[in-house]
Amino acid sequence: MTLPIEPKRNAHTKRGHFVFRILIILFFIWHNEAQAQTPIRPYTAALFAGDGAFVYYGPSLMIGADFIMHEKYDLSVHAQFFSNRNSDGKFSTESLALMYQRYFLGNARRFYVGIGLSLQHTEKIYFRDEFSFDRVIVTGAYRIGYTFHTKKMAICPEIDATGPYSYSTPGYGKTIEHLTLPSIGIRFYRRDRDASGRRVKGI
């Protein structure tokens, strides 16, 4: 049994609309960062990511912002983009995640963990058959990392992941993807605010 696949034009249009909405949300957040009553800390990340089985893997980009609520925690929103192909097919995913992020190890706020939800669009196309899909799901989002401070930047090696997700395939039964987008890499942000969210002059 095979699964039906949407026409490529429809799948690409769906993906384009999803990415466009993500970018509009992030642009609004970053554009209003200076006027926001709640301190906002924009960030970017360079990651190495893959699908759940790491059949497809490669570089991934993350952009987002932390809403600094307290010295010990904040709310973090980010978008992540990943696309890769090999001889069997291609895989691409875009996710928009909202996480509660908690900091540890005293005032330095160096170690952190995050947990939340991710709205994720994934398109997988197999070249040799029609066992492909184009889906939008809501799943868990997770983060763990450590912060190293420089004079003007914070460098944060971290692990990010989304999942799990389960689905049924005719003729194959139930499949569980424990991780839908595992990633590891480094997140960067400017050190223009202290732990409480106040702007630091001269940075």
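**Figure 1. The loop around proline 164 in the predicted model.** Proline 164 lies in the loop between strand E8 and strand E9 (165-169); helices (H or I, at least four residues) and strands (E, at least two) are DSSP runs, numbered from the N terminus. The peptide bond that leads from glycine 163 into proline 164 is cis, with omega near 0°. Because this is a predicted model, local features need pLDDT of at least 70 and side-chain atom pairs count only at pLDDT 80 or more, whereas totals for chains, interfaces and linings use all residues. Residues are numbered from 1 along each chain as its sequence is written, and side-chain values use heavy atoms, with hydrogens and water left out.

**Figure 2. Overview of the protein chain.** From the N terminus on, the order of elements is α-β-β-β-β-β-β-β-β-β-β-β. Of the 203 residues, 41% count as buried; buried means under 20% relative accessible area, exposed over 50%, and partly exposed in between, with a 1.4 Å probe and protein chains only. Among contacts (heavy atoms within 4.5 Å) with a separation of 6 or more, 58% come from residues 24 or more positions apart.

Figure 3. Strand E5 (residues 111-126) and strand E6 (residues 133-146) pair in the antiparallel sense over 14 bridges; two strands pair if DSSP finds at least two bridges between them. Within this pairing, glutamine 120 stands opposite isoleucine 137 in E6. E6 also pairs with E8 in the antiparallel sense, over five bridges. There, alanine 141 has threonine 162 in E8 as its bridge partner.

**Figure 4. The largest nonpolar core.** Nine residues make up the largest nonpolar core: Tyr43, Ala45, Leu47, Met62, Tyr103, Tyr112, Ala154, Cys156 and Tyr189. Strand E1 (40-50) and strand E8 (153-162) each supply at least two residues of this core, and the largest share, three residues, comes from E1. A nonpolar core is a set of buried Ala, Val, Leu, Ile, Met, Phe, Trp, Tyr and Cys residues joined through side-chain atoms within 4.5 Å.

Figure 5. Rings of Phe, Tyr and Trp (its six-membered ring) pair if their centres lie within 6.5 Å; planes under 30 degrees apart count as stacked, over 60 as edge-to-face and the rest as tilted. By this rule there are nine aromatic pairs. One of them joins tyrosine 103 and tyrosine 112 in a tilted arrangement, 6.0 Å centre to centre with 50° between the planes; both tyrosines are buried. Arginine 41 lies over the face of tyrosine 189, at 4.4 Å from the ring centre. The charged end of arginine 187 sits over the ring of tyrosine 43, 4.4 Å from its centre. A charge sits over a ring if NZ of Lys or CZ of Arg is within 6 Å of the ring centre and within 35 degrees of the ring normal.

Figure 6. Glutamate 158, in strand E8, is buried because its relative accessible area is 3%. Its side chain makes polar contacts with the side chains of tyrosine 112, at 2.6 Å, and arginine 187, at 2.9 Å. A polar contact is a pair of N or O atoms within 3.5 Å; within protein, one must be able to donate a hydrogen and the other to accept it, and residues adjacent in sequence count only if both atoms are side-chain atoms. Glutamine 101, in strand E4 (residues 89-104), counts as buried because its relative accessibility is 0%. A polar contact of 3.5 Å links the side chain of glutamine 101 to that of aspartate 66. Leaving aside neighbours within four places in sequence, the contacts of glutamine 101 include Tyr112, Arg143 and Arg187. With neighbours up to four places away likewise not counted, glutamate 158 touches residues including Tyr112, Arg143 and Arg187.

Figure 7. Phenylalanine 54 is found in the loop between E1 and E2, and its phi is near 55°, a positive value in a residue other than glycine. Its relative accessible area is 34%, so phenylalanine 54 is partly exposed. Ring pairs link Phe48, Phe54 and Tyr57 into a cluster. Proline 59 lies in strand E2 (residues 57-68) and counts as exposed because its relative accessibility is 68%. Not counting residues up to four places away in sequence, proline 59 touches Leu47 and Phe82. Proline 59 and phenylalanine 81 are 22 residues apart in sequence and 9.2 Å apart in space, C-alpha to C-alpha.
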